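Student: Please show me the structure, and then we can go through parts of it by question and answer.

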Amino acid sequence: MVDFWCQKWNLPLLLCLTGLLQWDLCSGQIQVQIQEGPLYRVKGYPISISCNVTGFTGPPTRDFQFILKKPNMELNIISTSDKEFAYGVFSGRVEKKEIYIQRLSGSSVLLWIKNLQENDAGDLLCVTLHTGGAYYGDYDDEAKLNVIADTLEASYSGSPSQSLSEGDPLQLECQVSSQTFQHTHLMVTWFLHGEEDENPRPIITLDRDLTVKPGAGFEDRYRAGLISMDKVEDTTYRLKMPQVQQSDQGKFFCKATEWIQDPDRSWTQIAHKTTTACDVEIKRIGEIYILSFKPEALRFFLQQPDFTLINNSQQSQICCYLKQFVNVFEDKHRSHSLPLTKKNDLAVVMAMKDAVTEGDALRVVCSVSGFKGPLSVSWQHKKDSGASFIDVISLTHEGVMKDVGSRYQSRNVQTFHSPAGNFTLELGASATSDSGEYKCIVSEWTVQSNGEMKKANTHSQQKAIIVNSVESLMKVSLKSRTSNVPIDSPVELLCIVRGPKVSLAVRWMFQPHNSTFQTNILSISHTGEMAWRADQRNYQLSIQAQPTDTHFTLKVPRASKQQEGQYQCQVDAYQKDVQKAKIISNPLAVIVQKPGKYSYLFIKIMYQLMLKCSVEGIRYDSTLRYSLTWMFNQYQSSSVALLTYSHDGRLKYNSFDSELEGRLHFSTPEVGVFHLTIHRSIQEDRGRYYCQVQQYQLDCKGQWSPMASDKSGFTNVTVQLIESKLHVQKDNRMLNITNHQTAFTIDCVIDSQSSDTSGFEVTWFKVQEEGPVTIFTARRDGILHSAITDKNLVFGRPLATHYKLTVPQISPTDVGQYYCQVEEWLLTANTWKRFASDKSGELSIYVHTEGDSEKQADPLGTTLGVTIPLICFLVLVIILLLRRDHKRNSELTKKKDCLWAENNPLTPVPEGTCAAEDHS
C-alpha cells in the first residue's frame, strides 16, 4: 500500500521540481536592453541613450560599459567602473564631462553626449560586466546611431522694433524650415520676454501634431480670439494680436524645435533654433483732463525744466499740442496769423538691388529725412512702362499695415518702419511677375488745433527692379578630356552646373552609336534619391560642390564599344519642391577606338612589365574558344614567339631565352582577355610586343574549327635605367676611450636604396698614413672576411639596412679614423651587377693609457700619490712584524717559567687552599 502511494506521487513531485528549476534558471538570466535603433540624431546637439539590465542576481548595482563599433574596429567610450576605459578619441571628452553616464537606478543608466560629432556614428554597444558564476543570458545589446546634419533654419526678417499704443494690432512672422531627409515634425513657439520677466514666457505654440496651445497667462485672450497663430504656406508662422496690452511690452521672438519619432514610437527632440527678437514698445493711453488757466501761465509751465508729469514718450507730443494751443490763443489776441508749423525739407531716397533671383526675398527700402511729424507709406508696383501702378501694401502713421493689394492677398508681403526713418517693403519668395517699377509714397502728418492728424507733405520715389528666373541664370555644359579613347580605357564626363543655389536633380542620358533611341543611365532626384537604369558596374558617379558651380562626374572605368555614342545630362532646378527650371546640356560624343598601330610603354629596369590583349565585343558563348600567341620583336630583328596559349587550354613557352622564360607569367582573368607579365625587366626586354588571336568554333561534328584571326597593334616598350638612390648616413663622430676593456662599434646605416630587391656588400676601412686599409667585409652572399688576425671583430645586422662592426678590447694601436663603404648590387638576367656605391661618415677613435693625463698634468702629485701609500704600507708591515716577534718572545717566557714540571715540582696543599686558588 505504501509503495502504491509513493508511485502515485512520484510524477507530480518530479514535475513540480522541474518547474521550480526552470523558474530559478529564468529568474537568473541576464538581459541587457539598449534603446531601440536605428536612432537619428543631429550633429552638435546633446543626446541621451538609455540602457538597462534585468534578470540578474547579487548586488543591486550593476556596472556598464559603452563601446562604439565601426568597420573592423571597436572603440571604448566610457565605463562606470574603469576611469581609464575610454580610448584616445573619447578620453578627452570623458575627462571634460562632455560624455558621461547618468545612473537612474542600480540597473538602469543614461549615456549622455553633450556635443554629438560625426565620428560618433556607428553601432553603439551597451555591456554589463559579469560578476561571477556561470554566464547565462545576454550581457550586451547594441543600437545603430546615425549622425545627420543640422538643416533646421529659423529667422525673423521684420522690423527690429515697433512702437504701438494700447489697443493697436500686432502682427509678427518668422520663417522655419528643415531639409532633413528623415521624416521629422516641427514645433514653433512665440515667446515674450518682458522687462520684469526673469525668463521668456511662451505666448502660443503650434505643436508637432499641428495643435495650437496658448501659453500660461494667455489662455483667456486666446479663447477670446485676441491671440492667434497661423501657418502661411510651408515655412511662415504668423503671430496675430489684434489688441495689444501694456503687459505685452518687451521682446518677441519665436523658437523652432525639430522632433523625430524613434523605433520605440517615442518622440525625441533633435534640434532647435531661436530667431532674433523684435522689441515692441506699448504706449499707455491715460485719462484726459480739461485744464483752465491763462496762456501766460501755461507757457511758463511748459518752459519749466522739471516738467515730467507724463512719460517721456508722450511728453513731446502733448507739449506740441499745448504749444500750438498757446500760439493760436496769442494769435487771436494779436489779430494776426502766425504759422503753426515750420516748413520742413522732407526728402525720400529709394534703394534696392537692380536684380534678384526668383524665389529669393525682394526688398525695397525708402530712406526718409527732414521730417518732424509721424510718417506713413504706401507701396505701389507696375510691371512695365505702359501699365499703371497698383497698390501693394500701406503702413499708417500709427504703424498698422493695411490696404494689401488684391494681387498680394495670398503672398507673404509686409512693410515695416525703423526709428531712423527707413521704410522697407519685403516680398517673400519673389516671382518673375514681380519685376517692374516700385513706388513708395511717404507722407508726413501734423496735429491740427482740434487734435486731428493731417497730411502735411507727401513725397514719392520709384525705381525698377528685375526678378531673374532660375532657368535664365542656370548654365549647363558637358565636357570631357577623354572623349576619344582606346578600348578598356577610362572615360570621364563632367556635367558643370552654374547658377543660383537651388536643389538640383540630374539625369544622365545615352544614345548608342548608329541608333536614334536615347536611354537613361541614372538619375538623382533633388531629394538625393538615386535610380540606376543601366548596369551599375559599368559606371561610377561623383558629385562635388564648388563655390560657383556644381560638378557631376560620370565615369566609365573600362570603355567598350557598347559605351560608344552620344551622352547628355539634364538638370532640373527645384525651390521648395517646386520645379523652376529644366535644362539639357550639349551633346558629347564618346568614341571608343581599337588599339592603334603603335602604343608606347615606359618601364623602369627591375620593375615588372604588364601587357594586355583583349578581344572586342566578347560575350560568353560555350561554342567559341580562343588561342593566342604573344610575339616579340627587338628593333632591327625578326619577330619571335614568346608563348602560345591554345584553345584547349595548353600553354607552351617558345622563348628563345631560358632566362626570359623564367620571368614570364601568363594569365586569362576572363574570356577573351589575356595578360602577359614579365618580372624583373632588363634592358634586353625593350622592343615591340603584339598578340595574335585566333577564334575557334565548335562545329556539328564536335570539332573545334578556326573561324577568324586578328592581331593587335604594336606596343613599343622602353626599359629605363633606375636612378641611383643609394645613400648612407654621413654623421662624423668622435670617441675618447680610456678603459682598455671597452669596445666601440662602427655603425653603417643605409637611408635609401635604388630598388626593393637590392643586395648590399659592406666594407669597413681604417684610415692610415698610406691610405685606407680594409679591416672587415660583409659580402652580399653572407660571407664574412676579417683582415685583422689579432682580434675577433664582431659583425651584426639588426635591420636589413643597418650593419655594425664591433672592435673589442681596445689598445693604443686602435687610434684612428674608421668608416664603411656600401656597394649596391642588382640582379639582372640572373646575374648580380654592381649598381651604386656610397660611404659613411668617419668615426674618430682616441685611446689614452691610464694615468697618462695625470702624469703630464702633475708629475710631483703623481709621485707623491705613489710614494706615500708605499711608505705607509712598509710602516704597517714593520709594525706587524715587531708585534709578532714581541708576542712570540712573551709566549716563550711563559712556557719556560710555568709549564715544565722539572723546573716547578708539584707540592701537596690542603684541600681548602686548592679550592680557593681554583676559585680565584
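Student: What is the strand order of the open sheet of five strands?

Tutor: This is a predicted model, in which local features need pLDDT of at least 70, side-chain atom pairs count only at pLDDT 80 or more, and totals for chains, interfaces and linings use all residues. Residues are numbered from 1 along each chain as its sequence is written, and side-chain values use heavy atoms, with hydrogens and water left out. Strands (E, at least two residues) and helices (H or I, at least four) are DSSP runs numbered from the N terminus, and two strands pair if DSSP finds at least two bridges between them. The pairing in this open sheet is mixed, and the order of its five strands is 2-10-8-4-5.

Student: Which residue in strand 5 does L68 stand opposite?

Tutor: Strand 4 (residues 64-70) pairs with strand 5 in the antiparallel sense, over six bridges. In strand 5, the residue opposite L68 is L75.

Student: At about what angle does helix 2 run to strand 5?

Tutor: Axes are lines fitted to C-alpha atoms, for helices over the stretch in contact (heavy atoms within 4.5 Å). Angles run from 0 to 180 degrees between N-to-C directions. Helix 2 (residues 88-95) lies across strand 4 and strand 5, and its angle to strand 5 is about 15 degrees.

Student: Why do the buried residues of helix 2 line one face?

Tutor: Buried means under 20% relative accessible area, exposed over 50%, and partly exposed in between (1.4 Å probe, protein chains only). The buried residues of helix 2 are F90, R93 and V94. The arc is taken from the directions from the helix axis to the C-beta atoms. Seen down the axis of helix 2, these residues line one face because they fall within an arc of 100 degrees.

Student: Which exposed residues does the face of helix 2 turned away from its buried side carry?

Tutor: The buried residues of helix 2 pack against strand 4, strand 5, strand 6 (99-105) and strand 7 (108-113). The face turned away from that buried side carries G88 and E95.
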